[in-house]
Amino acid sequence: MKRQVIVTAIALAIASAAGCASHTGPSTFNRNEVGRAQTVEAGTVTGIRPVTIQSDGSVVGTATGAVLGGLAGNTIGGGRGRTAATVAGAVAGGAAGQAVTGSTRAGVEITVELQSGRTVAVVQEGTPEQFRVGDRVNVASDGVTTRVTRVN
């Protein structure tokens with residue numbers, strides 16, 4: 001029973017971290033994006049601002065924290081109290097492991113007026129120096145990930 005509780009708590013902590021998508025720049029694609037059709041719209045940059053992109057943490061850090069927290073919680077009390085401490089330890093350890101492995105990186109929010117008349121704002125990795133107000137750009141989206149690239 002104890003082992004099942006620990007394994008379940010660890011699986012939940014890992015699943016919550018694994019569901020987080022990573023942000024990418026205009027020239028970097030995740031494996032699951034390859035071969036996926038994208039809709040492309042032309043537009044003009046109307047605004048640029050630097051932003052900070054915060055990582056959602058690493059699955060390895062979350063799993064390690066969950067294991068250590070679950071083991072620590074398992075040493076407390078007995079019976080149902082031990083089970084509750086094990087679950088609480090695994091959840092707290094997973095959260096701590098995720099927080100420790102989180103990181104930040106430079107990003108840019110690009111506001112684009114599309115030829116259709118709509119205005120969109122896209123956040124992606126990069127720096128404000130990569131774009132200028134007035135630049136002609138393409139906005140490509142597969143319905144999940146959207147990127148802005150300059151038109152040469």
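Some ground rules come before the tour. Residues are numbered from 1 along each chain as its sequence is written, and side-chain values use heavy atoms, leaving out hydrogens and water. Because this is a predicted model, local features need pLDDT of at least 70 and side-chain atom pairs count only at pLDDT 80 or more, while totals for chains, interfaces and linings use all residues.

**Overall layout**

The chain holds three helices and five strands. Helices (H or I, at least four residues) and strands (E, at least two) are DSSP runs, numbered from the N terminus. Of the 152 residues in the chain, 32% are buried; here buried stands for under 20% relative accessible area, exposed for over 50%, and partly exposed for anything in between (1.4 Å probe, protein chains only). Among contacts with a separation of 6 or more, 69% link residues 24 or more positions apart, a contact being heavy atoms within 4.5 Å.

**Strand pairs**

Strand E1 (residues 39-54) has two antiparallel partners in the table below. Two strands pair if DSSP finds at least two bridges between them.

| Strand joined to E1 | Bridges | Example of bridge partners |
|---|---|---|
| E2 (residues 104-114) | 11 bridges | Ile53 and Arg105 |
| E4 (residues 136-141) | Six bridges | Ala42 and Asn138 |

**The core**

The largest nonpolar core has 11 residues, including Val45, Val108, Ile110, Phe131 and Val148. Such a core is a set of buried Ala, Val, Leu, Ile, Met, Phe, Trp, Tyr and Cys residues joined through side-chain atoms within 4.5 Å. E2, strand E3 (119-125) and E4 are the elements that each give two or more residues to this core, and E2 gives the most, with four. In soluble globular proteins, nonpolar side chains tend to be buried together.

Leaving out residues up to four places away in sequence, Val108 touches Ile48, Arg49, Val51, Val122, Val123, Gln124, Gly126, Thr127 and Pro128.

**A valine in a loop**

Val133 lies in the loop between E3 and E4. Is Val133 buried or exposed? Val133 counts as exposed because its relative accessibility is 58%. Beyond its neighbours within four places in sequence, Val133 is in contact with Val45, Thr46, Gly47 and Ile48. Val133 and Ile110 are 23 residues apart in sequence, with 9.2 Å between their C-alpha atoms.
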